[in-house]
Amino acid sequence: SVCTAATVKYYGDPAADGLGWVLLVSDSTGGHVEIPENLAGSYKTDGLAVDVCYEKTTHLFYCFCTQPYKMVNIVSIKKR
């Protein structure tokens, strides 16, 4: 699994072309978005800083983007 610091963000209603709740991961390329399939409600706070470990899944999140995102399964998460 991948363990990293991230920020929980709300990127709009998926029914209206948004990505919903995402993990914004900062890395050497400036950052990327991961879409969790099991983010607990207690962590659904826009701008919340977390330490998270996750695994890529084969589940795809379809959006109006160039290609679907592979969703991630959160193994562990805690507020920073």
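## Exercises on a predicted model

S2 and S3 form a hairpin with 6 residues between them, and Gly30 in the turn has a positive phi of about 105°. The model is predicted: local features need pLDDT of at least 70, side-chain atom pairs count only at pLDDT 80 or more, and totals for chains, interfaces and linings use all residues. Residues are numbered from 1 along each chain as its sequence is written, and side-chain values use heavy atoms, with hydrogens and water left out.

**Exercise 1.** Find the strands that pair with S2.

*Solution.* Strands (E, at least two residues) and helices (H or I, at least four) are DSSP runs, numbered from the N terminus. Two strands pair if DSSP finds at least two bridges between them.
- Step 1: S1 (residues 2-10) and S2 (residues 21-25) pair in the antiparallel sense over 5 bridges. Here Ala6 stands opposite Val25.
- Step 2: S2 also pairs with S3 (residues 32-36), again antiparallel, over 3 bridges. Here Leu23 stands opposite Glu34.

**Exercise 2.** Locate the disulfide and give its handedness.

*Solution.* A disulfide is a pair of cysteine sulfur atoms within 2.5 Å.
- Step 1: The sulfur atoms of Cys3 and Cys53 are 2.0 Å apart, and these residues form a disulfide.
- Step 2: The torsion about their S-S bond is about 110°, so the disulfide is right-handed.
- Step 3: Cys3 lies in S1 and Cys53 in S4 (residues 48-61), so the pair ties together parts that are 50 residues apart in sequence.

**Exercise 3.** Describe the largest nonpolar core.

*Solution.* Such a core is a set of buried Ala, Val, Leu, Ile, Met, Phe, Trp, Tyr and Cys residues joined through side-chain atoms within 4.5 Å. Buried means under 20% relative accessible area, exposed over 50%, and partly exposed in between (1.4 Å probe, protein chains only).
- Step 1: The core has 13 residues, and those with the most contacts inside it are Leu23, Val50, Val52 and Ile77.
- Step 2: S1, S2, S4 and S5 (69-79) each supply at least two of its residues; the largest share, 4 residues, comes from S4.
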